[in-house]
Amino acid sequence: RVELNYSSGNGHKTRARSPSIGRHNSALGYTTPNIRILCFLHNVMKGNFTYDELVDAGEQAMADYLLT
């Protein structure tokens with residue numbers, strides 16, 4: 001878990017740990033069962049992946065890193 005930073009930053013600058021609304025499945029809309037509150041940086045990294053695809057990619061990256 002990452003602690004969210006609720007401060008507004010300077011001007012329009014978004015902080016990496018600012019709260020952000022993301023979709024669990026990007027192919028679906030912003031409906032109550034499909035949204036998650038997460039940090040802005042996570043939401044940007046997620047892009048169009050589903051949550052499960054992002055977790056799988058992170059686990060694979062960690063496994064690759066540990067093998068080097």
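Because the model is predicted, local features are given only where pLDDT is at least 70 and side-chain atom pairs only at pLDDT 80 or more, whereas totals for chains, interfaces and linings use all residues. Residues are numbered from 1 along each chain as its sequence is written, and side-chain values rest on heavy atoms, with hydrogens and water left out.

The protein contains 2 helices and 2 strands, which follow one another along the sequence in the pattern β-β-α-α; helices (H or I, at least four residues) and strands (E, at least two) are DSSP runs numbered from the N terminus. Of the 68 residues, 15% count as buried, where buried means under 20% relative accessible area, exposed over 50% and partly exposed in between, with a 1.4 Å probe and protein chains only. The protein exposes about 5600 Å², of which carbon and sulfur atoms supply 57%; accessible areas come from the Shrake-Rupley method with a 1.4 Å probe, and for residues only the protein chains shown count as cover. Among contacts with a separation of 6 or more, 15% join residues 24 or more positions apart, a contact being heavy atoms within 4.5 Å.

Strands β1 (19-23) and β2 (35-39) pair in the antiparallel sense over 5 bridges, pairing being assigned if DSSP finds at least two bridges between two strands. Within this pairing, G22 stands opposite R36 of β2. In a regular strand the side chains alternate between the two faces of the sheet. I21, a residue of β1, counts as partly exposed because its relative accessibility is 45%. Together with Y30 and I37, I21 forms a nonpolar surface patch with about 350 Å² of accessible area; patches are made of residues with over 30% relative accessible area and no salt bridge, like charges being joined within 9 Å and nonpolar side chains (Val, Leu, Ile, Met, Phe, Trp, Tyr) within 5 Å. A salt bridge is here a side-chain nitrogen of Lys or Arg within 4 Å of a carboxyl oxygen of Asp or Glu.

The loop between β1 and β2 holds both P33 and N34. P33 counts as exposed, at 67% relative accessibility, and its C-alpha atom is separated by 9.1 Å from that of R23, 10 residues apart along the chain. N34, by contrast, is buried, with a relative accessible area of 5%. A polar atom of the N34 side chain lies 2.9 Å from the backbone nitrogen of N25, and the backbone oxygen of G29 lies 2.8 Å from a polar atom of that side chain. Leaving out residues up to four places away in sequence, N34 touches G22, R23, H24, N25, L28 and G29.

In helix α1 (residues 40-46), K46 is buried, with a relative accessible area of 3%. Its C-alpha atom is separated by 8.7 Å from that of G22, 24 residues apart along the chain. Apart from neighbours within four places in sequence, K46 is in contact with R23, H24, S26, Y51 and L54.

Notes
A polar contact is a pair of N or O atoms within 3.5 Å; within protein, one must be able to donate a hydrogen and the other to accept it, and residues adjacent in sequence count only if both atoms are side-chain atoms.
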